[in-house]
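Hello,

Here is the structure I promised to pass on. My notes follow below it.

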Amino acid sequence: MADDLEMQQRRLRLKKSLEELQKMRGMGTELVTVIIPPDRLISDVRGQLGQEAAQAANIKSKSTRKHVADAIESGIAVLNRYKNAGENGLAIFVGHVIVGNNKSRLVTIVIDEPPEAITSFRYRCDSTFELTQLEEMLIDRTAYGLFVIDRGEAAYGVASGKRIHCQEELQSNIMGKHRQGGQSAQRFERLIEEAAHNFFKRATEHACSYWLPMIDDIQGIIIGGPGHTKDFVIKNEYFHHEIQKLIREPFFDVGYSNESGLRELVQRAGTLMDQIELDAERALVDRFLREVMQAHPKATYGEMMIRSSLEQGAVDTLLLSEGLRKRRVGWNCKPCSHQWETTQTSLSDIPSCPKCGSEDAREDPNRTRDIIDELTELAGHTSAKVSLISLDTEEGATLYSSFGGIAALLRYPIS
Ligand code: ZN
């Protein structure tokens with residue numbers, strides 16, 4: 001799903017920016033954070049920064065005063081590039097950051113496509129950047145359906161990140177049924193089973209109509225309950241067939257079939273839920289590892305091979321490790337105007353011009369991007385699928401450490 005990948009990329013970009021920002025410190029309270037929700041007018045924010053700049057003139061320390069003024073000025077320059085805050089808002093981090101012994105450098109980091117909407121405006125000047133609102137966007141929101149049942153009651157809901165939501169608790173009337181005078185034991189038994197059937201049907205139907213509208217976000221359905229009723233209900237396919245496919249095993253024994261039962265279910269199923277999430281990644285890397293050992297593998301790895309396979313349109317699925325910290329940099333040679341690209345691991349090293357040998361080259365910001373974004377775009381040209389692989393599985397770690405974090409399953413073997 002393309003949207004899904006786009007969202008993963010945004011989250012990863014945010015994660016990388018936050019990694020850098022978390023380390024940054026100012027000499028004094030001179031790092032400026034401006035966080036702008038989508039509905040806030042850029043002109044208002046510019047006005048406010050103007051006022052803050054005027055206030056900053058009262059700062060006693062001369063160096064802090066100058067640094068704060070610089071930061072606000074750069075912040076305003078960033079704002080001037082935008083007509084509005086965009087669909088999810090805009091965050092600007094700017095200030096003189098300590099880079100070594102008593103040295104500082106003016107740094108500007110802009111996050112303009114956060115994965116979720118910014119909710120509240122913040123201006124802050126401090127010795128660190130304020131990141132809480134953005135850090136919260138990285139909390140896992142993958143959802144699991146939860147269902148607990150016995151013959152007396154049932155409950156269902158969803159778990160997402162650390163939150164558990166109980167949508168409904170239901171009671172059966174089976175337990176309340178008593179055999180009446182003149183009723184045969186057989187007839188009584190049949191009435192009980194009919195009541196049980198109706199209850200199972202009601203509970204599963206309610207749960208399904210709650211889950212079905214959000215089925216694309218649900219990774220799995222986790223089942224629990226005190227006795228054997230849960231097994232009976234699953235075996236007899238009470239659930240909608242689309243939901244039935246998502247049911248994960250094993251089922252869990254929990255004390256009650258109510259809201260507290262749902263909480264207990266999440267505690268017990270914790271590892272299962274982690275596994276489910278990583279299963280898809282693991283399966284993909286496994287396929288790659290098996291393929292790459294064949295004589296004429298429909299798989300390849302390494303940046304050079306991947307670029308050439310992408311160019312030929314041979315890539316079926318591109319596997320990119322979330323551990324990758326590389327940029328594809330576009331260079332302009334000053335003396336001879338030659339333009340070329342390299343993959344860089346750090347900001348510092350400037351390569352010499354392949355044409356004239358000069359070391360006087362400049363980065364072209366319009367041609368410079370994170371390598372994950374760049375390769376994803378290349379993949380799009382030949383409709384290759386892209387999967388970002390975390391470092392949370394052994395397979396994912398292997399992809400990064402042994403294959404450089406860039407690999408592909410191919411449509412056909414290349415030589
Ligand atoms: Zn040159």
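First, a definition: two strands count as paired if DSSP finds at least two bridges between them. Helices (H or I, at least four residues) and strands (E, at least two) are DSSP runs, numbered from the N terminus.

Please note that this is a predicted model: local features need pLDDT of at least 70, side-chain atom pairs count only at pLDDT 80 or more, and totals for chains, interfaces and linings use all residues. Residues are numbered from 1 along each chain as its sequence is written, and side-chain values use heavy atoms, with hydrogens and water left out.

**The sheet**

Four strands form an open sheet in the order β3-β2-β1-β4, with antiparallel pairing. β3 (103–111) and β4 (122–126) stand at the edges. Each has a single partner strand, so one side of each lacks a neighbour in the sheet. From one strand to the next, the twist averages 15°. Axes here are lines fitted to C-alpha atoms, for helices over the stretch in contact, and angles run from 0 to 180 degrees between N-to-C directions.

β2 (residues 90–100) and β3 pair in the antiparallel sense over nine bridges. Val-94 has Thr-108 in β3 as its bridge partner. Helix α3 (residues 62–79) lies across β1 (31–36), β2, β3 and β4. It runs at about 145° to β2. Contact means heavy atoms within 4.5 Å.

**The loops**

Asn-102 sits in the loop between β2 and β3. Its phi is positive, about 60°, although Asn-102 is not a glycine. Asn-102 is exposed, with a relative accessible area of 72%. (Buried means under 20% relative accessible area, exposed over 50%, partly exposed in between, with a 1.4 Å probe and protein chains only.)

Glu-237 also has a positive phi, of about 50°, and is not a glycine. Its loop runs between α6 (229–235) and α7. Glu-237 is exposed at 58% relative accessibility.

The peptide bond from Glu-249 to Pro-250 is cis, with omega near 0°. Pro-250 lies in the loop between α7 (241–244) and β9 (252–253).

**The zinc site**

Which residues coordinate the zinc ion? Cys-333, Cys-336, Cys-353 and Cys-356 do, each through SG, at 2.3 Å. Donors are N, O and S atoms within 2.8 Å of the metal (3.2 Å for Na, K and Ca); water is not among the atoms, so sites may look incomplete. The donor residues are spaced C-x2-C-x16-C-x2-C in sequence. Cys-333 is buried, at 4% relative accessible area. Cys-353 is buried too, at 3%.

Best wishes
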